[in-house]
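Subject: Structure for you to look at

Hi there,

Here is the structure I promised to pass on. Please have a look, and then read on for what turned up in it.

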Amino acid sequence: MEIMSSTPFERTQRVAVLGGGPGGYEAALAAAQLGAEVTLVERVGVGGSAVLTDVVPSKSLIATADAAVAISEASDLGVQFYAKGEHGKPLKPEIAINLAAVNKRLIALAGQQSEDMRTTLLEAGVRILSGHGRLEGPNAIIVSTGQDGTDFDRVEADTIIVAVGASPRELDSAKPDGKRILTWTQLYDMKALPEHLIVVGSGVTGAEFASAYMNLGAKVTLISSREQVLPGEDQDAAHVLEKVFKRGGMTVLSKSRAEKVEVTKDGVTATLSDGRTVDGSHCLLAVGSIPNTAGIGLEDAGVELDETGHVRVNRVARTSVPNVYAVGDCTNFFPLASVASMQGRTAVFHALGDIVIPLELIKITSNIFTAPEIATVGYSQKDVEDGVADGLVYKLPLAANPRAKMMGIKDGFVKLIARKGSGTVIGGVIVAPKASELIYPIAVAVERRLTVDQVSRVFAAYPSLSSSITDASRAMHLVNAKIS
Ligand SMILES: Cc1cc2nc3c(=O)[nH]c(=O)nc-3n(C[C@H](O)[C@H](O)[C@H](O)COP(=O)(O)OP(=O)(O)OC[C@H]3O[C@@H](n4cnc5c(N)ncnc54)[C@H](O)[C@@H]3O)c2cc1C
Ligand SMILES: NC(=O)c1ccc[n+]([C@@H]2O[C@H](COP(=O)([O-])OP(=O)(O)OC[C@H]3O[C@@H](n4cnc5c(N)ncnc54)[C@H](O)[C@@H]3O)[C@@H](O)[C@H]2O)c1
């Protein structure tokens, strides 16, 4: 399809993309679709960390953990598992996780996904160069065999998209050895379930892995430097999760900073800042990420970084240099795969003159893949309480939902936030199994500025978990009245 046939330029626009994660992949694909000559430089594999070490492996592991939970909770619904023992007596079987097989599956899945994405790019006409890239001014990328390797190519471009992502932050006092002290990229070499996993950091990454390994059957201790797990998330949601964690046998140490983690004879010892120690078999460090922006010529090209090394970008992902864009985790925008993709597309549309709608942070939907999941979009209850948004909040526990009762769902809720006066939906939180799927109608309502009355007129199937969304919106009909 000759999409750019109406272009007034005689010379084809050249776009060079540095980094092939979701941000770089989407940018390359969109640029090829718009008729540009596109080169993508990637040092590890198409799909990036998102596909190879972060999103795809972690969500595949979580799918296995969910299956284990479904089996262990099936008896609540009357499903009994037993094997016949001696004299026909029933024996209660135990769930066993073959972690080597689980990890093999998810590494293969990630590899296949990377390969599929690579094929899609090649079919779209993108030239892929395997190597380490760095900027040489604002119009060229030098490609080498590695960080301090030999230069073997130089790509000139009218537009450069920097999409180099981020890497796990490491602590000097808790050096990962890949065996006992691990970053999340090293988890998938484990051949057996850790006996006792100490997770340092209770942000999204820490919470997801703590939840998954607990549900796979490992003993888990979560070291959280903050008062609650998931600081920054909806407090009610974090509260539900902490309750579920404790019910599942997890030890949650709040307001506890890990000062150091050391490998011992048969495991690890974490020392907290108050002097307490925690012994475990393995330790996962989930203490955040650092952007891969050092030593790749950004500052020399005039690209401004912030104090944490993230590239400063505006809402169309443009940097301080007009023809250099940056997308994804290397920017100061919002570190999500979905956001990286959207930024990649937006950057290319802006550079090549297609219709651009600048990104709005407040419209971003995110989901935490714990059990239950926590999905959020738009303004939060805290925004309302702090006076940032003039809204009303209504929370409906899932316990009131007939489908939830049938499915044996014990925890969760739907929370809607609507603007006072107009009743426009401006935010929402769902805590439920597969909340990631349920949040979409609220995200549409926020994006399209629907009112609670408009949402309540949509037919939800009966019985369904999504009917809690219509029920909540119906309860907010009199949005001007005080709803507590
Ligand atoms: C454990 C975990 C789970 C997550 N789960 C989710 C989730 O469920 N949903 C979600 O939306 N987000 C999730 N995220 C966040 C998501 O992984 C990131 O937001 C996403 O990877 C960002 O994409 P990106 O394109 O910016 O960078 P990346 O995916 O990091 O890709 C960057 C690429 O650039 C390459 N690169 C870097 N420097 C160079 C160089 N100099 N030359 C050549 N190539 C280079 C790297 O090799 C890499 O392939 C998760 C993060 C973690 C840590
Ligand atoms: N499901 C998803 O979409 C998903 C999953 C994982 C990550 N992510 C993205 O990645 C971003 C980063 O999340 P993250 O959890 O990796 O990092 P984070 O920076 O949000 O959390 C790290 C946590 O570790 C704590 N910490 C740091 N040092 C510590 C110490 N010594 N002892 C105890 N705690 C310590 C910090 O206080 C912080 O709460 C998220 O905001 C999200 O956008 C998304």
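Is R449 buried or exposed? R449 is exposed, with a relative accessible area of 57%. Please keep in mind that this is a predicted model. R449 sits in the loop between α11 (440-447) and α12, and its phi is near 55°, a positive value in a residue other than glycine.

L230 also has a positive phi without being a glycine, near 50°. L230 is placed in the loop between β13 and α6, and its relative accessible area of 1% makes it buried.

L230 also brings us to the largest nonpolar core. This core has 39 residues, and L230 is one of those that touch the most other members, along with L61, L187, F209, Y213, V220 and M250. Two or more residues of the core come from each of α3 (55-73), α4 (99-123), β12 (196-200), α5, β13 (219-223), α6 (235-247) and β25 (425-432). Helix α5 contributes the most, seven residues.

Now to the ligands.

Ligand 1 has 37 residues around it, and those that come nearest are E42, G48, K59, G133 and D329. On the nitrogen side, a polar backbone atom of G133 is 2.8 Å from a nitrogen atom of ligand 1. The protein buries 93% of the 1000 Å² that ligand 1 exposes when taken alone. By class, its shell has 17 nonpolar, 15 polar and five charged residues. The elements that each supply at least two residues of this shell are α1 (22-33), β2 (37-42), α2 (48-52), α3, β6 (132-135), α5 and α7 (337-352).

Ligand 2 has 23 residues around it, with T205, E208, S225, P335 and N367 coming nearest. From the backbone, an N or O atom of V204 lies 3.0 Å from an oxygen atom of the ligand. Of the 850 Å² of accessible area that ligand 2 has on its own, the protein covers 77%. Helix α5 (residues 204-216) gives the largest share of the shell, three residues. The classes here are eleven nonpolar, seven polar and five charged residues.

A few backbone details may interest you too. The peptide bond from A371 to P372 is cis, with omega near 0°, and P372 is in the loop between β21 (365-368) and β22 (373-378). The bond from Y462 to P463 is also cis, with omega near -10°, and P463 belongs to the loop between α12 (452-456) and α13 (467-475).

How many disulfides are there? The count comes to zero, with a cut-off of 2.5 Å between cysteine sulfur atoms. Among the cysteines, C283 is buried at a relative accessible area of 0%, and C330 is buried at 0% as well.

Lastly, A63 lies in helix α3 and counts as partly exposed, at 40% relative accessibility. A63 and A399 are 336 residues apart in sequence, and their C-alpha atoms are 24 Å apart in space.

Best wishes

Note on methods:
Residues numbered from 1 in each chain as written. Chains lettered and ligands numbered in written order. Predicted model: local features only at pLDDT ≥ 70, side-chain atom pairs only at ≥ 80, totals over all residues. Heavy atoms only, no water. Buried < 20%, exposed > 50% of the residue type's maximum accessible area, 1.4 Å probe, protein only. Near = heavy atom within 4 Å. Polar contact = N/O pair within 3.5 Å; in protein donor to acceptor, adjacent residues only side chain to side chain. Areas by Shrake-Rupley, 256 points an atom, 1.4 Å probe, with all protein chains shown as cover. Helix = DSSP H or I, 4+ residues; strand = E, 2+ residues; numbered from the N terminus. Nonpolar A, V, L, I, M, F, W, Y, C, P; charged D, E, K, R; others polar. Core = buried A, V, L, I, M, F, W, Y, C linked by side-chain atoms within 4.5 Å.
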